[in-house]
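Here is my note on the model. Please read it with the structure open beside you.

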Amino acid sequence: MQVQVSLKMEIAATASLSEMEQQIQQAGQQGMREALKQAVRQWEDQHPVCPHCGAQAHRLEGTTRRVIATLFGRVTVQRRRFRCQQCGRSFCPAKSLFVELQGGTVTAPLQDAALLAGCSWPYRAASATLKRRSFAQISAEEIRLLTNRHGQQQAAQQQAEAERVCASADQGPEAVETAASGESNGQPSHGIVWSSAAMWRPLAPQSTWDLSPRRQHSA
Ligand SMILES: [Zn+2]
């Protein structure tokens, strides 16, 4: 696949260096959006096989408009829909290409950037910053939802990890002692083991108390 876009822009003779940079960036983003449209179109050409029967003969039936939010702004893609001439069923080749969006509109690279921005600034400022920096259009509400969903996933992972560690600590007092001595050696992963055991296990106060002489000993 070869994608080619051309850039043409009018820059005022009085423009400052910053103004030139800004205008060139704007034109560049426009070129990127165009390149993505072309890439999708060419991808469709490279995948002409009917997913139902495997035949290649088809005719164009129409297009389906799909707007996606990317790092370089919103891109309107006209996905083509074909009618297979062998089995008579219709198919949209780019459907499998868009599977990774999981029915949403925001691409993975923009989601990454939005998460970073959403963790760093208030959602409205994050949205404005992304728009100013890269023309990415993602609303404060979308960033809030993304950041919250990611936070919930992280919390679930941490809880699963803490439960796994507590389960192994429950195997015997030796396990907890090993974990605690690891913590005093400055190993962060063992530090988590020890503190989560202290929070989660009913016997936690006992084991914390048991371990303090050992910690003083090693100091
Ligand atoms: Zn077919």
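1. Start with a facing pair: Phe-82 stands opposite Phe-91 in β3. The strands β2 (residues 73-84) and β3 pair in the antiparallel sense over two bridges. Strands pair if DSSP finds at least two bridges between them. Strands (E, at least two residues) and helices (H or I, at least four) are DSSP runs, numbered from the N terminus.

2. Two points on reading the model. It is predicted: local features need pLDDT of at least 70, side-chain atom pairs count only at pLDDT 80 or more, and totals for chains, interfaces and linings use all residues. Residues are numbered from 1 along each chain as its sequence is written.

3. Arg-83 has partners on two strands. Its bridge partner in β3 is Ser-90. Arg-59 stands opposite Arg-83 in β2.

4. The sheet is open, with three strands in the order β1-β2-β3 and antiparallel pairing. β1 (58-70) and β3 (90-91) are the edge strands, and each pairs on one side only. Between β1 and β2 there are 12 bridges.

5. Two residues separate β1 from β2. Five separate β2 from β3, and Gly-88 in that turn has a positive phi of about 80°.

6. Helix α1 (residues 17-46) lies across β1 and β2. It runs at about 15° to β2. Axes are lines fitted to C-alpha atoms, for helices over the stretch in contact, and angles run from 0 to 180 degrees between N-to-C directions.

7. How do α2 and α4 pack? Helix α2 (residues 108-120) and helix α4 (residues 140-169) meet at an angle of about 85°, with their axes 9 Å apart. That makes α2 roughly perpendicular to α4 (65 to 115 degrees).

8. In that contact, α2 residues including Gln-111, Ala-114 and Leu-115 meet α4 residues including Ile-143, Arg-144 and His-150. Contact requires C-beta atoms, placed from the backbone, within 7 Å. By class, the contact has six nonpolar, four polar and one charged residues. Ala, Val, Leu, Ile, Met, Phe, Trp, Tyr, Cys and Pro count as nonpolar, Asp, Glu, Lys and Arg as charged, and the others, Gly among them, as polar.

9. The largest nonpolar core has 15 residues. Such a core is a set of buried Ala, Val, Leu, Ile, Met, Phe, Trp, Tyr and Cys residues joined through C-beta atoms within 7 Å; buried means 20 or more other C-beta atoms within 10 Å of a residue's own. α2, α3 (123-134) and α4 each give two or more residues. The largest share, four residues, comes from α2.

Notes. Parallel < 35°, antiparallel > 145°, perpendicular 65-115°, else oblique. Contact = placed C-beta atoms within 7 Å. Buried ≥ 20, exposed ≤ 12 C-beta atoms within 10 Å, placed from the backbone.
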